[in-house]
Amino acid sequence: MTAETITAKASGTFELGDLPVHRIGFGAMRLTGSAAFHLGTPSERERSLAVLRKAVELGVNHIDTAAFYFSSLRSANELINTALSPYDDDLVIVTKVGPYRDYYGEWGTSARPDQLRGHVEENLRQLGRDHLDVVYLRRMRQDSIAEHFGALAELREAGLIRHLGISAVEPRHLTEALEIAPVVSVQNRYAVDRPDPVDDEVLRLCGEHGIAFVPFYAVAGEAGQQGATTTHDDAVLAVARAHGVSSAQVRIAWTLHQGPHVLAIPGTGNPDHLVENVAAGALRLTDEELALLDQGRAQAG
């Protein structure tokens, strides 16, 4: 079997509330340019549209985006709308609110609770939808998320949002949110080379509650918004050699092995990398390989 024939179905499925998705999804941040936001050169439009269409052809039915994913010429939401609408019934598009960028692309102050409706409506407009499948509240260093999350819960009751998630949170924030409304997913930074006991606990709690845990920058690592890291520890390189795959594929596979409730959303603007990323959902690591990777992760801390 070649990577071209492996679809997202090979990664298995999990439900975001009542919405079943394959565990390999797609992150839209890199569609807009060579680096996220305004840090790189804008992408070639037709190539980005082709990547989105190819992702769906490969069975991807979980796309992660945000209205603040834009470069000087490209908007991720507009690209998604152009490439994929009218949307397939099984396609789940999730977005996030809280951070804000002005018309010049510079970061503004995070949204107040009373501004979140405007953020939700902007995503609806850009995506051409009458409701959003899942909306994350991205915490912006608030000590409490109750007021912000409560505002999104009201929009859920109004029918603008189907399900709610939270992002960049600690265990106490998950507890706080669950007292207000159901949480179907948590999106935190998490990677094989980035140990963090707080995120380990969030991962555990999500599994306990049947909530999806959706790491971001799992492939990018410390490179973050600049794109996929080119720095890999010896354990990742050794496992990649053993399977004849890329280091990025090992990083994705390790992510999925952290629990049946863990989803992966690797992003790319490169069609070849997209095929490799999806194929990583079929990569099965042995207990010995996982132990080796975990040992390398512990040493990175």
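Over the ring of which residue does the charged end of Arg101 sit? In this predicted model, the ring is that of Phe70, and the charged end of Arg101 lies 3.9 Å from its centre. Arg138 is likewise placed over a ring face, that of Phe216. The table lists both arrangements.

| Charged residue | Ring | Distance to ring centre |
|---|---|---|
| Arg101 | Phe70 | 3.9 Å |
| Arg138 | Phe216 | 4.8 Å |

**Aromatic pairs**

The count of aromatic pairs comes to seven. One of them joins Tyr190 and Phe213 in an edge-to-face arrangement, with 5.4 Å centre to centre and 85° between the planes. This pair links distant parts of the chain, its members being 23 residues apart: Tyr190 belongs to the loop between strand E8 (185-187) and helix H6 (197-209), and Phe213 to strand E9 (residues 212-213). Tyr190 counts as buried because its relative accessibility is 3%, under the 20% cut-off. Phe213 is also buried, its relative accessible area being 0%.

**The surroundings of Thr95**

Thr95 is located in strand E5 (residues 92-97). With a relative accessible area of 1%, Thr95 is buried. Its side chain reaches the backbone oxygen of Thr65 at 3.3 Å. When residues up to four places away in sequence are not counted, Thr95 touches Thr65, Ala66, Ala67, Asn123, Leu132, Val134, Val135 and Tyr136.

Note on methods:
Residues are numbered from 1 along each chain as its sequence is written. This is a predicted model: local features need pLDDT of at least 70, side-chain atom pairs count only at pLDDT 80 or more; totals for chains, interfaces and linings use all residues. Side-chain values use heavy atoms; hydrogens and water are left out. Helices (H or I, at least four residues) and strands (E, at least two) are DSSP runs, numbered from the N terminus. Buried means under 20% relative accessible area, exposed over 50%, partly exposed in between (1.4 Å probe, protein chains only). A polar contact is a pair of N or O atoms within 3.5 Å; within protein, one must be able to donate a hydrogen and the other to accept it, and residues adjacent in sequence count only if both atoms are side-chain atoms. Contact means heavy atoms within 4.5 Å. Rings of Phe, Tyr and Trp (its six-membered ring) pair if their centres lie within 6.5 Å; planes under 30 degrees apart count as stacked, over 60 as edge-to-face and the rest as tilted. A charge sits over a ring if NZ of Lys or CZ of Arg is within 6 Å of the ring centre and within 35 degrees of the ring normal.
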